[in-house]
Amino acid sequence: MDSFDYIVVGGGSGGCAVAGRLSEDRETSVCLIEAGGKGDGWLHKVPSAVAAILPTPIGNYAYKTVPQAGLNGRQGYQPRGKALGGSSAINAMLYIRGHRKDYDEWAKLGCKGWSFKDVLPYFKKAEGNTRGDSKLHSGDGPLTVSDQRSANPISHAFVEAGAQCQIPVNEDFNGETQEGIGLYQVTQRDGERCSAAAAYIHPNMDRPNLTVSIKTRAERVVFEDGRAVGVVVRRGGREETLRAKKEVILALGAFNTPQLLMASGIGPAEHLREHGIEVVADRDEVGENLQDHIDHIIAYKSDRKDLFGLSLKGGADLIKGIGQWRKTRDGMLTSPFAEGGAFLKSDPKIDRPDLQLHFVCGIVQDHMRKVTIGHGYSCHVCVLRPKSRGTVRLGGSTMADKPVIDMGFFSEREDMDLLIKGFKKMRQIMDADALKPWHGKEMHTAGVDDDAGIEQAIRDHADTVYHPVGTCRMGGDEDSVVDLQLCVRGVEGLRIADASVMPRLIGGNTNAPAIMIGERCADMIRAAV
């Protein structure tokens, strides 16, 4: 029976950070368990290959939600990375921390020690920004953050269009001010994706004290006298038990972490009994508090062939781009697609942006699952702090059964009202003079101007922008799933280090915050020894 000091379950953003940091101590043995593969093939290295992974089950759990009443009964799509790096291996690589007041709000909600001044050192510890050190940034961390190498001209035009609409240009969304419009920095290293695995695990696979077990599915956590002492896993067609001498750390993300907790007997007792699972700890909030950024896209067809698209010209450009990337690691294949962005206030009187834009130099329909012939561009708008809440429940008693995901989109009317405002602000930018040279036919929403029409379009087409959090809420209260040290309440020897612990969704993309949580968890574990 294999035995380790620590077992980290889930090789995503938080899990890679925890395992990488704990294994820096050569006297500490660490096992990292990942259900997917190694995450270092060309599909994961080439930044623009996100277009091939996102819509397919290649290295992707590709979950679907239950039908959403708020989306006219449509099922939502929830891609989640299945490889070392987790969703950082399939995302758009945008480096965003969220607004500093988001973390100050966590502290006010009872998460003492998680204010912005508390978490900033961990963002900096992780970050290796090519711009170098500054008050808010670090150039020395393992997660490489860089400016885009070959942004498309239309992305610069998007920024100019925002300026024409009196939106301030912002060269650093993670700087002193988040509000404004600009180009995103990306988690790329020398023109390749820098996933959490590329940052923390791939360079350290030869550490004798780090065991990385890929294509290994965790089945349940093993408890003895109320303490987590190991994990039952399935690999190579057989079940095995791995023992943890000190702690087990779960980092499977907002869907699979609560699923594994419930499959292990930690969760709402009645729900567990419905699936024949023995109750270890009755914890009602496991799987509750699910939050996500609800997002709507305007797409345009264009006659301009310098945009991504399907055509003879597009195919020729792709072949040329492959050669360029192989030689110099720049060109169109380094694009994150969502090159430009903005953080906007729906009302100038509020204290921080409540809307975010992602500008894409290609047509996006149904998460790229619907193919459009020709060229074009798109823009997303999402609600940054939604009021709606959803749930994750078991679909069966084992981890082989997909979780039942109910996002609860638009269960609170405020989210729809805000997204309608965001739609109008987004279209104002898209109609600005700077984008006129590319302007083409507006798809789906042409002629939609009144609130009723906008709402109908949103309900017909809106969905996630891939930031689910909150299903294992952290808090200082006894009802929270984890305490302020990320320890699971009701048992011992078990922590969680992923976005599921967020009490509230932050105002931005969630990869960098998940890595920050992993960094902080590793320090908390070391401090407890």
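For the charge count used here, Lys and Arg are taken as positive and Asp and Glu as negative, leaving out His and the chain ends; each charge is placed at NZ of Lys, CZ of Arg, CG of Asp or CD of Glu. On this basis, the mean positions of the 66 positive and 70 negative charges of the protein lie 4 Å apart. The model is a predicted one, in which local features need pLDDT of at least 70 and side-chain atom pairs count only at pLDDT 80 or more, while totals for chains, interfaces and linings use all residues. Residues are numbered from 1 along each chain as its sequence is written, and side-chain values use heavy atoms, without hydrogens and water.

Turning to the overall fold, the protein has 13 helices and 25 strands (DSSP runs, H or I of at least four residues for helices and E of at least two for strands, numbered from the N terminus). Of its 529 residues, 61% are buried, that is, under 20% relative accessible area with a 1.4 Å probe, protein chains only. The C-alpha atoms fill a box of roughly 70 × 50 × 45 Å along the principal axes.

Within α4 (residues 100–108), Asp102, Tyr103 and Trp106 are buried. Viewed down the axis of α4, its buried residues fall within an arc of 95°, so they line one face of the helix; the arc is that of the directions from the helix axis to the C-beta atoms. The cover over these buried residues includes α5 (116–126) and α13 (511–528), with contact meaning heavy atoms within 4.5 Å. Just after α4, Gly110 adopts a positive phi of about 115°.

Technical notes:
Buried means under 20% relative accessible area, exposed over 50%, partly exposed in between (1.4 Å probe, protein chains only).
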